[in-house]
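This report describes selected local features of one protein model. The sequence and the structure are shown first.

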Amino acid sequence: MSTRLSATGLAASSSSSPGGMGSFDDGGGGDDGGAGHFQFLSIVSVMKSSPNESPPPLSRYFDTGFAERRDRKAGPSEGGVLLIETANNPCFGINKEGKVTEWNLKAAEVLGYSRDEVTGRDFVEEFVSPDHRVQVKEMLDDALRGRDTATFECPLVTKHDVRVDVLLNATSCREANGDITGVMGVGQDVTKLKLAEQKTVMRLLMDTASNPILCIDNEGRINEWNLKAIEIVGYSRDEVMGHDFVDDFISPEWRVQVRGALDEALQGRTPKNFEFMLFTKGRERIDVLLNLSLRRDENGDIIGLAAYLQVITERKKAEGELNRVAQDLRLLIDTANAPIFGIDNEGRVSEWNLKAAEIVGYSSDEAIGRNLVEAFICPDHRVQVKEVLDDALLGQKTLSFEFPLRTKQGRRAEVLINATPRRDADGNITGMVGVGQDVTETKKTMEIEVSLIKARAANDAKSEFLATMSHEMCTPLNGVIGVNDLLLDTPLNDEQREYANLIKTSADSLLNLVNDVLDLARVESGKLELEYFDFDVRNTVEDAIDSIIMKAASKGIEAICALDTNMPVRVRGDADRLKQVILNVLSNAVKFTCHGEVEVRAEVQSETATHHVLRVSVRDTGIGISQDAQSKLFSRFSQVDSSTTRNYGGSGLGLAISKQLVELMSGTMGVISTPGEGSLFWFTVVLERAERLPEELRLLPSDCSMLVVSQNIATLKNLTCSLRAWGANVSAASDEKEAQVYLNAHRTDTAIMHLTLPENDIAVLEPILSFIAASIRDVRFWILLCPFGFVGKIRDLVADMARSFAAKRETLAEHAALDMVIISKPVRQEGLYRCLTQLYGSHVNRRLSECDVDDAETDGPRDSCKDGSQHEATTVISALLEPDDDKRRDLPDVCTSIDDSISDVGTGASSLKVLVAED
């Protein structure tokens, strides 16, 4: 805070001295005729006043009894002069012309000029700071007129051009007769006081400032830190004082730039405001705008910088949001699915988005600046369009007017456009913007729709006709097929039977085609409805693969059925349509596969509280399908190419119908295929959950151990998973060699041998049969899975093996061979499970001790092994036989029920006989 300093007064009495100011006198006598004298009192104690006090009034120290000493001759008082010279305040004296006449030692110390250097020089013009010369001149003039003056500021400039703030008290100097001869001023150097006051004010201003303010020295270290900086950055003054501002608080990517700006400012070149990022105590970054100003000491030397920070984080966010909105708006305009045009007041194009460029063919660079009407509007509409645009430029909106454009290729593009005036911030119209709609295709579509309505009506009539005719064709066609079957049952010669078989083949193909056409017509006309009832998904899939097993076996193709063990037993849906789809895909797989295998796999893809999503896939190793041809697979009457029909036959309706049936069951269908490697067709269907019914829990004895042997990896995996799901301890081997190694080290109850006959060559079974003969006593139960059509041949080979053992009097091995189970594949899960449960329930113990068979061996070889007439002793299981399977009813030998057993063959143990079937 500033201290108000009172002015000092100067009282003097003496006779005037010609041409100059009166001299000072200490009160002694002198020549009366000399120059006038001043009586100067002792002022030592007062002149050395405190810096915070006002300079002392000189009138206190002069004798005012001028009348008493007016006639006395007095000389200057040496003591008074000494006190003035040694006073602790600067004292100045000027004559009536403003020239310096008095200059004490303190004045010389403060300003740097000696008395000799200043005497006679203009006080105001040469020593007063220019910005105060007028005011100081006025105050001194008032004193020269004898007016009282209050203490006033008199900033002086030192010899080194440094400003010194002085408070001055000016008093008139008079002759003995009272004439004013000059002014005597006593000053006080308040530079430091003002600096302290400025610092106090500065601190107050800084601490109450609404923005962060900090100061740094010439080394970049912080020496000032206001309250707002504490609040924003989080560091207290003690935590930041002396720390390097750039290294400790500036984000690394901004340090070089900020350091350069500070260095430039310290050299006196104040940079423009710039933005950077600052670290807070919480290591957060804030955006700030920096404004720098120099700090100087009393000598004018640069001592550092004052930094005024403006937090612009929110502004940056707002700017970023504004830029984002602008970019989004630009992106919206450029990517809008409608053409957007803009013109200025002269009709020149100022806006042209990507859709406009796409429709017209001209890019934005090609269109901007050109006259819209003359360059892009079709000639027959230029007048009307010009009128609409002129109205828009006058502030009128126009909705949906025809805007035919001429494209770069010379074609006509029909556009409907809404024209709206474009205005600036002041509301002045600066142009027009139009948002259009390309209706070129719409007009064409309207014409096409009329044609489609006519075509749809014709198609409906066709579908109705096909549905009616297909149904009517089935009755006579079934009659033809039935009569031909009766004909085949009559005695015919070879030529007649060949002709009858050709009729049967052709009639069956025609019936399938008629049924396909009928299904397609029903689907397209919306008359095909699904029937919902509970069914077993496993039986449905196995029934489908049973239908193609004979065809697959005739081509030497391995048919594999893989069912997820977690699949629900019963679901609700249309089992017949599901089987139809599976059978269609399976039939195609067998048709287009010459060798290898066909696998159908069913699994639950997902499920909810009310529904199951079933995924069925059919994989083959056939000819495969190219990527281009896959797009035509599900079209009606479509095949990959014309050669397919010639080589494989078919109408091309199966997959089209299957896809539509799958979609009726809320599913999808697709294909993955590689030419030369095979195909995988898949589909999903949604089936309802069936009411939970009591289900048979499939569990085998916990101590049963099994060995599965198969060269087919897929079959090996499927059998292993099913048996393990039933609780069996299962091991797997890929061939007889691995199986032999396993049996040498482990005890096994049951061995399941999956027999594969490449190209139907039964000779490949010799190593397997040798392995069975060598290990037959080591396994309790033997089950052979053989291809359909080879059941009889395999049975004969096993019977030969039994006769061989009988001839060698190896009764135990003979019994094991005679009790071997043969199952045609693919095996049904239910059939395999029932076979195993009956085997384990029969208590047939093949590991008889030698004494157990002595009696049997004394009776000689078994009759069944002597002449081969008792081959029926070998158990044969056909997993394909079902009561509703017409193909299976045609098999030559359909034998006894599952509970029948053959007669005792001499060991006292019954051989299980389960559904004997031969080919």
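## Residues with positive phi

Asp161 is placed in the loop that runs between β6 (156–157) and β7 (163–164). The model is a predicted one. Although Asp161 is not a glycine, its phi is positive, at about 65°. Asp161 counts as exposed because its relative accessibility is 65%, and the cut-off for that class is over 50%.

Arg283 also has a positive phi, of about 60°, without being a glycine. The loop between β12 (274–279) and β13 (285–296) contains Arg283.

## A five-stranded sheet

Five strands form an open sheet in the order β16-β15-β21-β20-β17, and their pairing is antiparallel. At the edges stand β16 (349–352) and β17 (398–402); each has a single partner strand, so one side of each lacks a neighbour in the sheet. From one strand to the next, the twist averages 25°.

Within this sheet, β20 (residues 415–423) pairs with β21 (residues 429–438) over nine bridges in the antiparallel sense. Leu416 stands opposite Gln437, which belongs to β21. Helix α17 (residues 382–393) packs on the sheet and touches β15 (340–344), β17, β20 and β21. The direction of α17 makes about 130° with that of β21.

Met202 lies in helix α8 (residues 191–208). With a relative accessibility of 46%, Met202 counts as partly exposed.

## A cis peptide bond

Lys825 and Pro826 are joined by a cis peptide bond, with omega at about 5°. Pro826 is found in the loop between β33 (821–825) and α31 (829–841).

Note on methods. Residues numbered from 1 in each chain as written. Predicted model: local features only at pLDDT ≥ 70, side-chain atom pairs only at ≥ 80, totals over all residues. Heavy atoms only, no water. Helix = DSSP H or I, 4+ residues; strand = E, 2+ residues; numbered from the N terminus. Buried < 20%, exposed > 50% of the residue type's maximum accessible area, 1.4 Å probe, protein only. Pairing = 2+ DSSP bridges. Axes fitted to C-alpha atoms, helices over the stretch in contact; angles between N-to-C directions. Contact = heavy atoms within 4.5 Å.
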